[in-house]
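Dear colleague,

Please find the structure below, passed on to you for your reference.

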Amino acid sequence: MTDENEVASKLAILGLTDQKLNDVLKNKKLAFALASIVQECGAESALEDKSTASLLQSLGTATKDIPDTSVLAARSLVTNAVVVKKIKSNIQLEAAVAYIKSAGEKANSADLDIAAGVGQEVTPEMIDKEVATYFAENSKSITANRYKSIPSLMAGIKKLPGLKWAPPAEVKKAIDRKLLDVLGPKDERDAPPKKSKMEKAAPDAATVDEPKKARNMFTEGFLGDLHKPGGNPQIKPELMTGHLKATNGIVVTRFPPEPNGYLHIGHSKAIAVNFGYAKYHSGICYLRYDDTNPEAEEERYFTAILEIIEWLGFTPYKITYSSDHFQRLYDLAEELIRRDKGYVCFCTPEQVHENRGGDNGGARIPCKHRSKPIEQSLDEFRAMRDGKYNPGEATLRMKMDLEDPNPQMWDLVAYRVLNAPHHRTGDKWKVYPTYDFTHCLCDSFENISHSLCTTEFYLSRQSYEWLCDALEIYKPAQREYGRLNITGTIMSKRKIARLVKEGFVSDWDDPRLFTLVAIRRRGVPPEAILSFVNELGVTTTNSNIQVTRFETSIRRYLEDHTPRLMLIPDPVLLILDNVPDDYVELIALPYKPGSPELGEHNVPFTKRAYIDRSDFREQDSEDYFRLAPGKSVGLLKVPYTVRVTSFRKDESGKVTEIHAIYENDRKIKPKTYIQWVGESPAHNSPVSISEVRMFNRLFLSESPESNPDGFIADINPNSLDLYKDAVIEVGFDDFRRKNVKEGAGPESMRFQALRVGYFCIDRETTEDSVILNRIVTLKEDAGKSSA
């Protein structure tokens, strides 16, 4: 079961959503375990009982790392017990897995039933009785400790023999009911104790002299536990000696993207891990383009990848290409054949599939070409090189271990025929190496000390090490970490291409997408992305992070690093009738309150000003604090309040101007302040903005691919709001002049629009036409309240 479509069809029987299915397929161990379980249960169509499907998924997770074939053989007993509903809960499932691990080949159904509590029904009445008995036996302790005793209560009651198979949620409910019955509602006795204000103890000399070690993603977790250079064993000691001589014992990593598409947010973690780990340890990191598939590669992707890496703040030690090594890779392929570790195969994909066990996971059969003479395979491989075979007619396969349970050891393809010109080597080659052949060898050529990749390549570690050892060359250490996924969006190149083609987004850099070119254009600072990755840390578990958490990290960074300006997206004219026509008062505004080093600027306050339409109501109400007839409201930094007296509308009923008085004859403390922009031609105020783009979520749900009608049906029809008549204060021009950075794009000019959001300048801006993109809202719950 190595064909992804075959595995996917089996996993669909478990009722996995598209997003979950994609995640599982990237974890080859889990995918293989679940596909085997589907075979064990004999289901040919989707399971209708969701609880059964869920338990089978849990069984796959619990057994995916078990190497003992006798235990895996016994797993079918558990699978069957789940399907026939003998095993109904995760508690029973855990006990069942523990049983087959200990029993191995001696496992049988009768003993499994006993170990997993099959038939042991625990009713709510039984739970209540056990809880009541426990309370009676421990009444003094419970009365004394009250609600503080909950943790010990839970632990003690769960250990009761009569509740071994009881659902934990039902036990918790019974305890809560009994506590309320015995103790009554919580009161001041259950409040946590107040912390006493104690003077800080003076630090001792040892504390002062010893600096604290900085904690970060490189010192903790997955990356903190990695081996030191030289710590990866070799088949021959002299291979490590040569490696250390070539590298001087430093950390050497690489970032090896395929140049067949734009990088997405998940790649930011890979970049931070590979470049960051090397930088932290004073090592080096290569950018290696894995350009072994000329049919999908384009120059624009090469360029975009390098630009994103540099934008994130990293500089590759060297830029290399897998194609740099095409001749060397080919020579090693011939050497593999000479060592009787490779052969040319003429089987069809269907024949390969059947030889690997077919749909039923049967016995694996060696290919009939596997035992041919070495010289014959050499001749046939050279014929492949010389273009004597068409694509699909012949492949070079590695002679690995068909008895190994790992599918990555089932004679993987090393070379295939492709009649496609390569962007660097032209028509020189008719054969191209596969990822499984190229990756580990290029790592070896470049003396990589730490080959860091995501967990979808976990099973590939074995084939990676096998090939290096088969050729007796330096063997880098491949280690796998969990990938980064953001919910509420899609990452698939094919699906993003559809969004672009069908006009749902403007291009691959549309700010509503989560490609890194789109995130950059949206105005997200690279430092915020790296901080976000560092906050999450690096483990072996895939991270499925809600987009709100990502936006919170962005917001936190922008709060500390952006100036404040007053922007009016949807302006309506405010006229102060009791102010002279020529009145001008310059109001000093700091670019960032509390940061005097950023300076301040003056804005003109005059008889005529613009406010945002959302800050005015035609009818007042008690719960509304902004402008309305008869209500006094403050204008930010203006000394006195204003009070609306009347307003005018056009024929369509749209308010066109608001009349008010400036209450400079008395001091009133307003309940709120709103932003404004004064009209003063002498001060070039206001500054017109051609377009303000307010980006919202592109999809309506956290899992667009789970929509039964497809991800297109989940698109948010209101994902973009455009404002064509916006104005901004004169400080904007000064802000633009001061924030021009050599080599940086316009998106690096970021500011906080007071009460509106964080914005940047879009790349389509010209001297005569300014376009602003909203990066994120000021708060997670976007939009103003009624106040």
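Why is helix H20 (residues 435-445) described as largely enclosed by the rest of the structure? Nine of its eleven residues are buried, so H20 is largely enclosed. Buried here means under 20% relative accessible area, exposed means over 50%, and partly exposed lies in between (1.4 Å probe, protein chains only). Helices (H or I, at least four residues) and strands (E, at least two) are DSSP runs, numbered from the N terminus.

Please note that this is a predicted model, in which local features need pLDDT of at least 70 and side-chain atom pairs count only at pLDDT 80 or more, while totals for chains, interfaces and linings use all residues. Residues are numbered from 1 along each chain as its sequence is written, and side-chain values use heavy atoms, with hydrogens and water left out.

The buried residues of H20 include Phe-437, His-439, Cys-440, Cys-442 and Phe-445. After the helix comes Asn-447, with a positive phi near 55°.

Strand S14 (residues 571-576) is mostly covered, as six of its six residues are buried. In a regular strand the side chains alternate between the two faces of the sheet. Both faces of S14 are covered: one side carries Pro-571, Leu-573 and Ile-575, the other Val-572, Leu-574 and Leu-576, and all are buried. Two strands pair if DSSP finds at least two bridges between them. S14 pairs with strand S17 (residues 608-612) in the antiparallel sense over five bridges, and Ala-609 in S17 is the bridge partner of Leu-574. With strand S20 (residues 655-662), S14 pairs in the parallel sense over four bridges; there, His-659 is the bridge partner of Ile-575.

Two individual residues also deserve mention. His-369 lies in the loop between helix H18 (349-355) and helix H19 (374-385). His-369 counts as buried because its relative accessibility is 12%. Its side chain reaches the backbone nitrogen of Phe-346 at 3.4 Å, a polar contact (a pair of N or O atoms within 3.5 Å; within protein, one must be able to donate a hydrogen and the other to accept it, and residues adjacent in sequence count only if both atoms are side-chain atoms).

Asn-534 is placed in helix H24 (residues 526-536), and at 32% relative accessibility it counts as partly exposed. The C-alpha atoms of Asn-534 and Asn-216 are separated by 6.6 Å, although the two residues are 318 residues apart along the chain. The side chain of Asn-534 reaches the backbone nitrogen of Met-217 at 3.0 Å.

Yours sincerely
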